[in-house]
Amino acid sequence: MQTNEGPVLWEQTQGCPQGSCSGPSFWNIVADEILSVLWPQGVHLQAFADAFAFIVTDNTREGLRKLSKLALDKFKDWADKYKLRVSMEKSSCVLYSKLVRGPTIKWVNQTISHKNHLKYLGVTIDHKLS
């Protein structure tokens, strides 16, 4: 950009400037890659803008753990590829089941907290789906 003091250069190393016209289109290209993955039966990925939610179903605690690990490992590979960071403060899991307790779900080496409800896109969903 030319200024009164001469040209000013800014090297963009990643991402898009906040509020840019092309930002949403670039994000759609990046997000489409993970949304296009053929997930195994029992795994569904839902997204709106940059808010992602996995729905993982299985009849056993161990099945839930394995499917969740598979899904989160693939998601991590994608996030790493694009140098994206997942906020552990905003991440949680809720068990919708008659199982006494759900499996331990981890993102890398951090356990994702179990809660009785979650808030997704401003909607609170409790463990009883009420």
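S68 is in contact with V56 and I105, leaving aside its neighbours within four places in sequence. The residue lies in helix α2, residues 61-81, and S68 is buried, with a relative accessible area of 10%. Please keep in mind that this is a predicted model. With that said, here is a tour of the chain, from its overall layout down to single residues.

**Overall layout**

- The chain has two helices and ten strands. Read from the N terminus, these elements follow the order β-β-α-β-β-α-β-β-β-β-β-β.
- The radius of gyration is 19 Å, well over the 14 Å that the globule rule gives for 130 residues, so the chain is more spread out than a compact globule.
- Along the principal axes, the C-alpha atoms of the chain fill a box of roughly 70 × 30 × 25 Å.
- Of the 130 residues in the chain, 23% are buried.
- The accessible surface of the chain is about 10,200 Å², and carbon and sulfur atoms account for 55% of that surface.
- Taking contacts between residues at least 6 apart in sequence, 46% join residues at least 24 apart.

**Helix α1 and what covers it**

- Helix α1 runs over residues 23-35, which is 13 residues. At 1.5 Å a residue α1 should span 18 Å, and its end C-alpha atoms are 18 Å apart, so the two values agree.
- Which residues of α1 are buried? They are G23, V30, A31 and I34.
- The cover over these buried residues includes strand β3 (43-48), strand β4 (51-56) and helix α2.

**The largest nonpolar core**

- In soluble globular proteins, nonpolar side chains tend to be buried together.
- Here, the largest nonpolar core has 16 residues, and the members that touch the most other members are I34, W39, F75, W78, W107 and I112.
- Two or more residues of this core come from each of α1, β3 and α2. The largest share, six residues, is given by α2.

**Cysteines**

- How many disulfides does the structure hold? The count is zero.
- C21 counts as exposed, at 82% relative accessibility, because the cut-off for exposed is over 50%.
- C93 is buried, with a relative accessible area of 16%. C93 lies in strand β5, residues 92-93.
- Not counting residues up to four places away in sequence, C93 touches I105, I112, S113, H114 and K115. The C-alpha atoms of C93 and I105 are separated by 8.1 Å, and the two residues are twelve apart along the chain.

**G42, a buried loop residue**

- Where is G42? The residue sits in the loop between α1 and β3.
- G42 is buried, because its relative accessible area of 18% is under the 20% cut-off.
- Leaving aside its neighbours within four places in sequence, G42 is in contact with I55, V56, T57 and L67.
- G42 and N59 are 17 residues apart in sequence, and their C-alpha atoms are 9.9 Å apart in space.

**Two residues with positive phi**

- Most residues other than glycine have a negative phi.
- A49 has a positive phi of about 55 degrees, although A49 is not a glycine. Its place is in the loop between β3 and β4.
- V108 is not a glycine either, and V108 has a positive phi of about 60 degrees. This residue is found in the loop between β6 (106-107) and β7 (110-111).

Terms used
Residues are numbered from 1 along each chain as its sequence is written. This is a predicted model: local features need pLDDT of at least 70, side-chain atom pairs count only at pLDDT 80 or more; totals for chains, interfaces and linings use all residues. Side-chain values use heavy atoms; hydrogens and water are left out. Helices (H or I, at least four residues) and strands (E, at least two) are DSSP runs, numbered from the N terminus. Buried means under 20% relative accessible area, exposed over 50%, partly exposed in between (1.4 Å probe, protein chains only). Contact means heavy atoms within 4.5 Å. The expected span of a helix is 1.5 Å times one less than its number of residues. A disulfide is a pair of cysteine sulfur atoms within 2.5 Å. A nonpolar core is a set of buried Ala, Val, Leu, Ile, Met, Phe, Trp, Tyr and Cys residues joined through side-chain atoms within 4.5 Å. The radius of gyration is taken over C-alpha atoms; the globule rule is 2.2 Å times the number of residues to the power 0.38. Accessible areas come from the Shrake-Rupley method with a 1.4 Å probe; for residues, only the protein chains shown count as cover.
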